[in-house]
Amino acid sequence: MSLKDFIKSINLRDTELFWKDYESRNENNYKKSEGDIKLIADFTEYSPLHNGHFHCMKTAISKVPNSIFVAIVPGLFERSGRGLPYILPRDVRAEIAVSVGADIVVEGPPMGIMGSGQYSLCLARMFQALSTDFIPRGYKPFDGFDNILDRITMGHGIAPKPYKIVDMDTGEILLEDKLEEDNYVIVSFSKSLKKIGFDFKDKFIFVKRIEGVSGSLIRESIVNNSLEDVKSMMPPETISILKREINKNRAPLHNFRLDEKIIDNANNLSFNELSNLNFFNEELANKFIEFRKNNSFKSVDDVLNILPYGFSTNFNARVLSILENPIEKEVISEYINHYPSVIRILDYKNEDVLELFKRKINNENISLF
């Protein structure tokens with residue numbers, strides 16, 4: 001199978017899974033946990049799993065021995081929160097996670113077709129469904145951030161607003177500035193957990209980020225098939241599985257999209273169909289219609305060129321992901337409100353751990369990928 005056909009097969013499978021999950025959204029049945037074992041849940045994209053991820057995992061496990069470590073790995077359509085394709089499909093990312101110490105890997109939300117607040121809310125609901133006891137998160141320290149982390153440890157929701165960070169419980173402004181990505185994710189996640197009523201007091205395990213890991217260098221080495229250049233940045237298990245997938249022509253995937261599908265939808269979706277998509281509105285839909293009066297979209301660049309100036313790179317990438325999988329915003333909203341309709345296990349350590357996990361979360365809607 002060619003790499004192009006491989007990507008098409010993933011998309012077809014995930015489209016079927018999305019609608020299956022959507023149709024079963026009223027059947028979720030989450031009960032109070034029956035297991036005594038502690039559950040550590042970590043959300044990480046693992047694209048790919050590097051030493052920073054591994055350090056966070058090891059630190060959390062060392063602080064909560066005899067626990068179950070659950071990695072939440074996104075998800076349907078294989079697009080990141082930035083709207084970009086992943087290097088490896090989630091089943092392979094899950095395999096790597098288990099190979100370095102994760103007990104269970106469950107599927108996270110379809111991030112590429114959602115806004116950051118939407119998928120943060122989905123993640124919060126997943127942590128709730130898992131009866132999570134501890135949440136490890138890597139952070140980058142700076143003056144004043146310890147106070148924010150202390151508030152989160154106290155169970156306070158922290159709201160990131162334009163150039164200020166606010167304690168939702170007290171109304172205090174804790175910082176008059178914006179946060180870098182990893183730190184932003186922490187505070188945004190606390191806001192989502194607070195919004196759904198999940199008590200996260202004393203549940204976060206904050207892990208200082210390690211130095212010497214560069215995601216851009218790792219991605220560059222994967223494209224150039226020169227993994228030896230970055231072998232000090234990743235566990236040997238990651239490198240071994242990456243090499244296997246590259247040799248089988250199943251990686252890397254992060255520079256490939258379903259261009260034909262994007263162009264076809266850009267050319268043929270009606271004004272109403274476009275304006276009803278997630279991230280779209282009437283103004284954006286009209287730009288597509290106006291372009292099509294005298295032209296047809298012939299490339300992905302044609303699509304990008306009509307997007308309004310000043311839109312973020314992430315927004316543009318998400319628009320492409322939506323055109324790959326055109327789902328109405330009302331459907332996305334309903335999907336989020338009932339998320340997760342199923343807890344889909346991507347990989348697990350062994351049968352004993354799987355049984356412990358099932359008893360712990362006491363959930364009837366569990367399936368194996």
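Tutor: A cavity, in the sense used here, is a set of points on a 1 Å grid over the protein atoms alone where a 1.4 Å probe fits but cannot get out. Its volume is the space filled by probe spheres set on those points. The model is a predicted one.

With a threshold of 30 Å³ or more, two cavities are counted. The largest cavity has a volume of about 120 Å³. It is lined by 13 residues, and those closest to its centre are Ile7, Ile10, Phe77, Glu78 and Arg79. By class, this lining has 10 nonpolar residues, one polar residue and two charged residues.

The second largest cavity holds about 90 Å³. Its lining also comes to 13 residues, and Asp21, Tyr335, Tyr339, Pro340 and Val342 lie nearest its centre. Here the classes divide into six nonpolar, three polar and four charged residues.

Open space is a separate matter. The second largest pocket has a volume of about 190 Å³. Its lining includes Ser116, Gly117, Gln118 and Leu121, together with Pro160, Tyr184 and Lys195. Two elements, α4 and α6 (181-195), each give two or more residues to this lining. The largest share comes from α6, with five residues. In terms of class, the pocket lining has three nonpolar, five polar and two charged residues.

Five strands make up an open sheet with mixed pairing, in the order β1-β2-β3-β9-β10. Its edges are β1 (39-43) and β10 (366-368), each of which pairs on one side only. Neighbouring strands in this sheet are turned by 35° against each other on average, direction ignored. At one end of the order, β9 (residues 343-348) and β10 run parallel and are joined by three bridges. Within that pair, Ile345 stands opposite Leu368 in β10.

Helix α4 (residues 116-129) lies across β1, β2 (68-73), β3 (104-107) and β9, and runs at about 165° to β1. Helix α15 (residues 351-361) touches β1, β2, β3, β9 and β10, and its direction makes about 155° with that of β9.

Strands β5 (residues 158-161) and β6 (residues 164-167) run antiparallel and are joined by four bridges. Ala159 has Val166 in β6 as its bridge partner. The hairpin of β5 and β6 has two residues between the strands, and Tyr163 in it takes a positive phi near 60°. Strand β6 also runs antiparallel to β7 (residues 173-175), to which two bridges join it. The hairpin of β6 and β7 has five residues between the strands, with Gly171 at a positive phi near 80°.

Last comes a helix pair. Two packed helices are described by the angle between their axes and the distance between the axes. Helix α9 (residues 259-268) packs on helix α13 (residues 313-324) at an angle of about 85°, with the axes 8 Å apart. Angles of 65 to 115 degrees count as roughly perpendicular, and α9 is therefore roughly perpendicular to α13. From α9, Lys261, Ile262, Asn265 and Ala266 meet Leu320, Leu323 and Glu324 of α13. By class, this contact has four nonpolar residues, one polar residue and two charged residues.

Key: Residues numbered from 1 in each chain as written. Predicted model: local features only at pLDDT ≥ 70, side-chain atom pairs only at ≥ 80, totals over all residues. Heavy atoms only, no water. 1 Å grid on protein atoms, 1.4 Å probe; cavity = no way out; pocket = protein on both sides within 12 Å on 5 of 7 lines; lining within 4 Å. Nonpolar A, V, L, I, M, F, W, Y, C, P; charged D, E, K, R; others polar. Pairing = 2+ DSSP bridges. Axes fitted to C-alpha atoms, helices over the stretch in contact; angles between N-to-C directions. Contact = heavy atoms within 4.5 Å. Parallel < 35°, antiparallel > 145°, perpendicular 65-115°, else oblique.
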